[in-house]
Every structure is written in structure tokens, then in C-alpha cells.
Amino acid sequence: MAKTIIPDFRKTPTVDQVGIEERVARFTTRSIKKASKMEGLKMVLSMIDLTTLEGKDTEGKVKQMCYKAAHLHDVIPGLPTVAAVCVYPSMVKTAKAALKGTNIKVASVSTAFPSGQSTPEIKILDTKFAVENGADEIDMVISRGEFLSGNYNFVFEEIAAIKEACGKARLKVIFETGELSTLDNVRKISDLAMYAGADFIKTSTGKISPAATMPVTLVMLEAIRDYYYATGRMVGMKPAGGISTSKLAMQYLIMVNETLGAAWLSSEWFRFGASSLANDVLMQIAKETHGVYQSSDYFSKD
Amino acid sequence: MGNFQEQNQERNAEVAARSAFGGWSSRAAFNRGQILYRIAEMLEGRKDQFVAELVLQGSTSVAAKTEVELSIDRMVYYSGWCDKFQQVFSAVNPVASSHFNFSVPEPMGVVAIIADENTSLLGLVTAIAPAIAGGNTCVVLASESKPLCAVTFAEVLNTSDLPGGVVNILTGSSAELHPYFSNHMDVNAVVYYRNDKAEIKAIKENASLNVKRVFIYNKISLLSEQSQTPYYISDLQEIKTTWHPIENIGAAKSGY
């Protein structure tokens with residue numbers, strides 16, 4: 001990558017909140033039916049990071065989820081697999097072994113997820129541990145406290161240091177937008193993270209509410225677009241948390257398509273961080289396939 | 001609770017009913033009885049309005065008054081049964097092994113109802129009351145030719161402490177909607193109060209998809225007492241039997 005000039009983040013553009021909300025409202029009015037709906041639903045499936053991030057996770061739970069990731073609903077042939085599974089660093093080895101022979105990536109959260117309240121050394125060790133165990137992708141959290149105090153250099157350097165620790169693994173940077181209060185802050189941290197080396201920017205940990213919302217995602221998508229025009233580098237987007245219905249997921253895809261274009265409509269550049277979304281999409285696909293409305297009783301529990 | 005008018009709203013109604021089921025079925029039976037009684041009170045409070053609406057829809061004023069009063073009485077009747085039918089339909093079963101063995105009714109889940117076509121209010125009340133008295137939630141298709149009281153009845157439900165989603169009233173055509181009622185995989189039972197033979201046949205066939213229970217009540221007379229019995233509650237219950245290991249005390253001979 002050519003040497004990029006780091007802009008002054010204090011001069012990052014401000015966000016017109018009303019405009020963003022009106023734009024988002026337009027995305028929710030598109031009607032997508034029949035064959036295009038099926039394609040869209042399958043695309044959603046292929047973009048899911050199937051996630052389990054709980055204190056009560058066990059190796060058994062992770063193995064079960066990995067099986068589900070590769071065999072979403074074998075009753076219907078021709079379905080894609082999900083893009084990745086997302087687990088804690090301690091579960092990376094288990095997930096990697098369970099997914100051997102598939103193209104499904106293993107993503108690991110890192111840097112003292114979800115709070116990010118730890119020392120820089122521990123965060124780097126956390127990241128390296130995950131990478132050494134085979135993680136293909138690292139989902140780090142930023143230090144929200146430092147960001148909100150205005151210590152942008154601290155956050156920038158932290159992201160850059162984790163990026164270095166990632167090696168070949170792709171780095172997703174989680175902002176936890178629910179703690180950032182304003183869309184201006186979301187825009188600012190998006191710019192900052194991308195210039196610091198993020199391969200993906202991600203809304204939320206899923207641990208607090210609100211998690212991903214369409215306005216927040218739109219602000220981030222616009223930041224990605226502007227960054228792409230400025231540097232020529234594509235950055236991925238991952239809304240996470242709170243997207244549990246196919247209808248909403250399809251609206252996100254429309255938003256990506258109309259903000260960034262079709263180049264971003266693949267699992268390489270767009271992901272959904274979700275645990276219950278997959279089943280809802282599967283139920284919609286089954287409805288389109290069999291012609292009758294489905295019941296969750298007939299789909300595996302996540 | 002809602003009054004959805006379009007065919008594709010059947011799905012939304014079902015989703016609302018499914019999400020309301022957990023809360024409604026786990027309420028104390030006594031509390032369900034209180035709420036049904038409240039519905040009856042609210043019905044009575046708007047008696048004049050219902051009578052006027054029935055007259056508008058072609059009833060004589062005497063027949064209208066009879067229908068509204070019977071509807072109120074029927075709601076009171078089922079409110080009384082809410083915490084009593086369990087005793088009637090439960091059993092402690094004699095078994096040969098050292099088990100305490102008992103059977104209890106549990107609500108089926110989401111019940112799809114196609115209510116009577118010829119009455120605007122009484123058919124609706126007769127169909128809804130036993131379903132919700134037993135802890136089910138329901139999606140109900142009101143009379144197509146006389147939908148007026150259904151809309152007003154939805155207002156009654158809305159002001160009766162009945163939780164949202166327990167009763168979802170749709171207006172529209174049975175010919176269009178019955179397949180969605182009977183082939184929906186997340187509906188547990190279909191109750192049909194009309195006389196269309198082709199629809200009855202189709203409903204029975206579709207219901208086999210997820211082995212829904214089907215009840216065809218096309219022979220009952222809504223005005224007679226025959227159409228209010230606790231058996232309409234128990235039809236929409238599944239019986240759960242529990243085998244509970246016990247000590248064999250003193251080689252007692254009895255089953256429990």
C-alpha cells in the first residue's frame with residue numbers, strides 16, 4: 001500500500017442525522033420478491049458470521065455451532081455455508097479443527113472483548129494467541145473510554161499495533177457504537193480505524209443495546225466509500241447484533257448496494273454478525289421452496 | 001391484537017399469536033378467568049352499540065338483542081371455566097408399577113379459527129372464548145359478509161387487559177385465506193365453523209403437513225346451549241401424562 005497521508009481526525013466531516021434517517025427510511029421501502037428474494041436470502045446466509053460469545057460457551061457448543069455453519073439445512077440442497085464462525089480466543093482451536101475441510105473462516109474476538117478494559121500488552125497477547133491457534137480473522141474492540149476522552153492517538157496506535165499482531169489474519173475493528181452517543185463520533189472513529197489499518201469496521205459487540213442500527217451502518221458505509229475514493233483501498237463492513245430477521249437483513253443489503261455498489265456484495269466485504277438470523281433466513285428460504293409458512297420447531301436450535 | 005385486512009397479514013397475525021403464547025399460557029388460570037370476565041363486562045358496556053350494528057347488518061332488533069346478550073353470557077360462561085376445566089379433564093391414573101401417574105391438559109399453542117359466516121358477533125365469541133380460556137392464542141377469520149362487529153369486538157378486547165397478540169382478528173374471504181390457516185407449519189390447530197365442503201376437504205389435507213388438529217364444528221347451533229361446553233376447551237388441549245417414581249410403601253396395593 002502506498003504511503004497514505006493521515007488526515008486530521010478533528011476535521012472529519014460531520015453527519016446530518018436527519019438526512020441519514022430519511023435516507024435509511026427509503027431503503028426499507030424496496031420490494032424484493034420471488035427469484036431475486038431467493039438470491040438475496042442465499043446471499044445473506046453466505047455473509048453470516050455465526051456467533052457464540054458467551055461465558056457459558058463450551059467446546060461442545062462450539063463444535064455444534066461449527067456443524068451448523070457447514071450444514072445449515074441439509075433438507076434443502078444447494079444452500080451456501082455461512083462465511084465464518086465467531087468465537088472467543090480460547091475456542092479458536094476447537095472451531096478450527098471442527099471446520100477442517102470447509103471454506104468457513106474462524107473469527108476470534110480479541111483485545112479483552114467485550115469491554116476492552118485491559119493493558120496494551122495483554123491485548124496483543126490475546127490477539128497473538130488467537131492467531132497462533134488458527135484464527136483467520138480478528139474482531140478487536142476499541143478503547144471507547146479513550147476515544148470519548150479525545151485520545152485519538154491512543155486509539156489509532158492501539159488499532160495499528162493489533163493490526164501488526166494479526167499478521168495475515170484480517171482485522172475487524174468493533175466500535176461499540178451504542179456507547180459512542182452520536183453519529184459524528186461514529187463517522188470519526190470509522191475514518192480513524194480505516195486509516196489505522198482496519199480491514200473491516202464493525203458496529204457492535206452484541207453485548208449492549210442498541211447494537212447495529214441502519215443509521216449507524218449507513219454512516220459507516222459512507223465513511224468506507226469516502227475512504228475508498230481517497231485511498232483506493234476497500235474496507236469491509238460488519239453490522240453485528242440486533243439483526244435477527246431476513247427482512248431487515250435484506251434491507252441492509254439494499255443499503256450496501258446503493259451506498260458502496262455491488263463490489264461489496266460478497267462475504268469478503270460484508271458480513272452479518274448474528275446468531276439467530278440464520279434460522280430466520282432458512283425459514284424464509286423453506287417458505288419459498290415449499291410454499292408454506294414455516295415453524296421454528298423444524299429447524300435446529302442455534 | 002389486531003385487525004389485519006390483507007391476506008399476507010395472516011403471517012404477521014400468526015407471528016403475533018406465537019409470541020404471545022408463552023405469556024398467556026403461563027398466566028394463572030384464575031387470572032385468565034378474570035380477563036375473560038372483563039371482556040364480558042366491556043361487551044356489556046357497549047351492548048347498545050353492538051345491537052345497533054347487528055340491526056345495521058340485517059338483524060331484527062329482537063334477534064340482535066338476543067345475540068348480544070347470549071354473547072355476553074357465553075363469555076361469562078367460559079370465564080368461569082378457565083380455572084375449572086383442568087380438574088374435570090385431569091386424572092390420576094392407576095398403574096401397576098411404583099409410579100405416581102397423572103395426566104393434565106395443556107394448551108396446544110396457536111389456534112387458527114375460521115368463525116361462523118352468518119353471525120357477526122355470536123359466532124366470533126363462541127369461537128374465541130374456549131380457545132383463549134384454555135390458554136391458547138388465536139388467529140381468527142371473522143364473517144366476511146358481516147364484519148362490522150368484529151372490528152368493534154377488537155376494540156372491546158383492546159380495553160379488557162387481554163395481552164396483545166392473544167387474539168388476532170382478520171377480516172376477509174375464507175376462500176382466499178383458508179389455505180394459509182391450514183398449511184402454516186407454526187399453527188397447531190384449525191377450527192372451522194362453516195359449511196363449505198371443498199374448504200373442509202382442503203383444510204383436512206393441508207393440516208396433515210404438520211399434523212395439526214382439525215375441528216369442524218359445522219353442525220352446531222350457535223343459539224343453543226349445545227355450543228357452549230367445556231369440551232370445546234378440552235378439544236384444544238393436549239394431554240400430558242407424567243410418570244413420577246415413588247417408593248413402594250409397605251407394598252401398598254393401590255396404584256398411587
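Me: Is Asp49(A) buried or exposed?

Reply: Buried means under 20% relative accessible area, exposed over 50%, and partly exposed in between (1.4 Å probe, protein chains only). Asp49(A) is buried, at a relative accessible area of 0%. Before we go on: this is a predicted model, where local features need pLDDT of at least 70 and side-chain atom pairs count only at pLDDT 80 or more, while totals for chains, interfaces and linings use all residues. Residues are numbered from 1 along each chain as its sequence is written, chains are lettered from A and ligands numbered from 1 in the order in which they are written, and side-chain values use heavy atoms, with hydrogens and water left out.

Me: Which side chain meets Asp49(A) in a salt bridge?

Reply: The rule asks for a side-chain nitrogen of Lys or Arg within 4 Å of a carboxyl oxygen of Asp or Glu. Here the partner is Arg271(A), at 3.0 Å, N to O. Arg271(A) sits in the loop between α10 (246–259) and β8 (272–274) of chain A, and Asp49(A) in strand β1 (residues 48–51) of chain A, so the pair ties together parts 222 residues apart in sequence. Helices (H or I, at least four residues) and strands (E, at least two) are DSSP runs, numbered from the N terminus. Arg271(A) also counts as buried, at 3% relative accessibility.

Me: Which residues are linked with that pair in a network of salt bridges?

Reply: The network holds Asp49(A), Glu137(A), Asp139(A), Lys172(A), Lys202(A), Lys238(A) and Arg271(A). Lys172(A) meets Glu137(A) at 2.6 Å, N to O, and Asp139(A) at 3.1 Å, N to O. Lys172(A) lies in strand β5 (residues 170–174) of chain A and Glu137(A) in strand β4 (residues 137–141) of chain A, so that pair ties together parts 35 residues apart in sequence. Lys172(A) and Glu137(A) are both buried, and Asp139(A) is buried too. Over all chains, the count comes to 31 salt bridges.

Me: How many residues are in the largest nonpolar core, and which touch the most other members?

Reply: In soluble globular proteins, nonpolar side chains tend to be buried together. A nonpolar core is a set of buried Ala, Val, Leu, Ile, Met, Phe, Trp, Tyr and Cys residues joined through side-chain atoms within 4.5 Å. The largest one here has 90 residues, and Val85(A), Ile159(A) and Phe272(A) touch the most other members. Helix α9 (residues 214–231) of chain A gives the largest share of this core, nine residues. A second, separate core has 57 residues, including Trp24(B) and Leu36(B).

Me: How much area do chain B and chain A bury between them?

Reply: The size of an interface is often given as the accessible area lost when the parts come together. Buried area is the accessible area (1.4 Å probe) that two parts lose on being put together, summed over both. Chain B and chain A bury about 780 Å², 58% of it on carbon and sulfur atoms. In chain B, Arg11(B), Met185(B) and Asp186(B) lose the most area to chain A, together 57% of what that side buries. Contact means heavy atoms within 4.5 Å, and here it takes nine residues from chain B and six residues from chain A.

Me: Where does α1(B) bend?

Reply: The bend at a residue is the angle between axes fitted to the seven residues ending there and the seven starting there. α1(B) bends by about 30 degrees at Ser19(B).
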